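Please keep the model open while you read this note. Each point takes up one topic.

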Amino acid sequence: MTTGVAAPFRFFSLQVVRTRRLGPSLVRVSFAGEDLRAFHSLGLDQSLSLFIPAEGLSEPHVPVELGDDWWQGWRDLPDDVRAVMRSYTLRGLRRDPDEVDIDFVLHEPAGPASAWAARAGEGDKVLVLGPAVADNRAIRFRPPEDTDLVVVWADETAVPAACAIVESLPAGTRARFWLEVPEAGDVLDVVTEADAEITWLVRGTGGSETSPMALGALRDAQLPPAEHPYVWIAGESGCVKELRRHFVRDRGVDRRRVTFVGYWRQGLTEEQLREQA
């Protein structure tokens with residue numbers, strides 16, 4: 001499939017090659033496809049759009065033949081035909097063979113993507129709207145060159161990006177990470193050359209998806225002294241906003257050095273978020 005959209009993004013026709021359960025709430029799905037030779041990304045927090053088949057169908061229906069007008073054509077498709085679109089983060093990109101990994105959060109009640117990932121099997125087909133240029137606007141983790149401390153908070157939806165970030169940090173980089181997950185079994189082994197301290201926050205059963213755990217942990221944290229810190233916060237929108245206020249107002253971090261991304265919002269589906277946008 002060579003049909004594209006406005007550069008540097010285009011559609012990639014992929015199929016599942018394997019799945020691996022990472023924990024009670026996390027599953028990694030690996031995809032392959034001839035199109036992937038044109039997929040290029042610096043990784044880290046690279047976001048992309050995943051299209052899965054509508055319920056009962058075996059292939060995702062997106063009118064890619066419309067070129068840049070695919071969006072309106074996709075919206076005009078019948079509900080029982082239109083592919084389900086969800087935003088995800090690239091977890092891994094490999095060559096020879098070309099493969100990409102996407103980590104999914106499994107939750108109850110399951111949404112369309114969570115339900116799909118839980119039952120995904122070899123050969124299942126998807127479409128991905130992803131980057132054809134390695135450095136693109138869907139990469140938000142961009143610490144300034146003078147950064148002397150990297151600070152990260154992520155909930156489970158942003159843990160894949162956070163893990164990719166910490167794995168990429170070079171030796172000598174000072175970093176402090178807080179990663180929030182639903183269950184203890186979701187805690188992952190992360191390898192990095194950086195001087196990184198990783199704190200896993202486990203909500204446990206019955207915990208609120210937007211608990212004050214993160215804000216409490218960060219308020220109480222003693223950060224190493226730094227003249228030029230850089231902060232990256234991603235996850236539930238309400239929590240992200242509270243944490244941004246904490247770093248800017250309470251800790252005096254220059255707001256231009258705080259990257260904050262709402263991956264989802266409590267009580268709203270992705271369709272509802274897009275309608276609001």
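1. Glu242 and Arg245 join their side chains in a salt bridge, at 2.4 Å from N to O. The term salt bridge means a side-chain nitrogen of Lys or Arg within 4 Å of a carboxyl oxygen of Asp or Glu. Both residues sit in helix 5 (residues 237-250), 3 residues apart, so about one helical turn separates them. Helices here are DSSP runs of H or I with at least four residues, strands are runs of E with at least two, and both are numbered from the N terminus.

2. A word on the source. This is a predicted model, in which local features need pLDDT of at least 70 and side-chain atom pairs count only at pLDDT 80 or more, while totals for chains, interfaces and linings use all residues. Residues are numbered from 1 along each chain as its sequence is written, and side-chain values use heavy atoms, with hydrogens and water left out.

3. How many salt bridges does the structure hold? The count is 18.

4. Lys125 and Glu59 meet through their side chains, 3.3 Å from N to O. Lys125 belongs to strand 6 (residues 125-131), and Glu59 to the loop between strand 3 (47-52) and helix 1 (70-76), so the pair ties together parts 66 residues apart in sequence. Lys125 is partly exposed, with a relative accessible area of 38%. Glu59 is also partly exposed, at 38% relative accessibility.

5. Next, look at Asp79 and Arg82. Their salt bridge has its closest N and O atoms 2.9 Å apart. Asp79 counts as exposed, at 63% relative accessibility. Arg82 has a further contact: Arg82 lies over the face of Trp74, 5.9 Å from the ring centre. A charge sits over a ring when NZ of Lys or CZ of Arg is within 6 Å of the ring centre and within 35 degrees of the ring normal. Arg10 does this with Phe12, at 4.5 Å from the ring centre.

6. Now turn to strand 4 (residues 84-94). Of its 11 residues, 8 are buried, so the strand is mostly covered by the cut-off of under 20%. Strand 4 pairs with strand 3 in the antiparallel sense, over 6 bridges. Strands pair if DSSP finds at least two bridges between them. Thr89 in strand 4 is the bridge partner of Ser47.

7. Arg94 stands opposite Glu99 in strand 5.

8. The structure holds 12 aromatic pairs. One of them is Phe11 with Phe51: the pair is tilted, 5.8 Å centre to centre, with 50 degrees between the planes. Rings of Phe, Tyr and Trp (its six-membered ring) pair if their centres lie within 6.5 Å; planes under 30 degrees apart are stacked, over 60 edge-to-face, and the rest tilted. Phe11 lies in strand 1 (residues 9-23) and Phe51 in strand 3, so the pair ties together parts 40 residues apart in sequence. Phe11 is buried at 0% relative accessibility. Phe51 is buried as well, with a relative accessible area of 0%.

9. Phe104 and Trp116 form a tilted pair, 5.8 Å centre to centre and 50 degrees between the planes. Phe104 is in strand 5 and Trp116 in helix 2 (residues 112-119), so parts 12 residues apart in sequence are tied together. Both Phe104 and Trp116 are buried. Elsewhere, ring pairs link Phe11, Phe51, Trp70, Trp71 and Trp74 into a cluster.

Note on methods. Buried means under 20% relative accessible area, exposed over 50%, partly exposed in between (1.4 Å probe, protein chains only).
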